[in-house]
Amino acid sequence: MKFCQNCGTRLKLKKIKTDDTVTISLQCERCGFTAPVDEPITKPEAAPSEEQIKVVSEEVDIKTMPTIDEKCPKCGHKEAFWWLLQTRSGDEATTQFYRCTKCNHTWREYA
Ligand SMILES: [Zn+2]
Ligand SMILES: [Zn+2]
């Protein structure tokens with residue numbers, strides 16, 4: 001979990017689509033500050049961000065999840081596990097999560 005350097009608001013993951021690539025970055029919803037997501041590029045086996053790992057390990061058993069034809073934004077592999085999750089606040093919409101079957105990169109889909 002990361003916080004904004006400017007105002008201290010918790011940063012949220014944002015998915016930015018350009019022509020043929022998808023970039024995930026952290027964004028402050030209050031002042032618009034953005035920061036790159038810390039993802040070690042030289043160590044694909046390293047864990048994704050703390051929050052994502054926590055969500056996965058506490059609430060779903062990834063091995064039982066169905067797979068979908070979805071492109072991994074990290075390695076480009078075209079198959080991912082997917083599941084739906086209600087966020088903690090309860091009044092937000094259900095979020096769809098994906099996890100790459102190849103490199104275990106985990107990301108979420110914003111409706
Ligand atoms: Zn901010
Ligand atoms: Zn991948």
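Let's start with residues 40-44. Here pLDDT, the predictor's confidence in each residue from 0 to 100, stays under 50. For that stretch the model has three contacts beyond four places in sequence; a contact means two C-beta atoms, placed from the backbone, within 7 Å.

This is a predicted model: local features need pLDDT of at least 70, side-chain atom pairs count only at pLDDT 80 or more, and totals for chains, interfaces and linings use all residues. Residues are numbered from 1 along each chain as its sequence is written, while chains are lettered from A and ligands numbered from 1 in the order in which they are written.

Now the whole chain. Mean pLDDT is 78, and 69% of residues reach 70 or more. Where is confidence lowest, and where highest? Helix H1 (residues 50-59) is lowest, at a mean of 52. Strand S4 (residues 67-68) is highest, at 92. Helices (H or I, at least four residues) and strands (E, at least two) are DSSP runs, numbered from the N terminus.

Next, a sheet. Three strands form an open sheet, ordered S1-S2-S3, with antiparallel pairing. Strands pair if DSSP finds at least two bridges between them. S1 (12-17) and S3 (34-36) are the edge strands, each pairing on one side only. S2 (residues 22-27) and S3 are joined antiparallel over three bridges. Serine 25 has proline 36, in S3, as its bridge partner.

Last, asparagine 104. This residue sits in the loop between strand S6 (95-100) and strand S7 (106-109). Most residues other than glycine have a negative phi.
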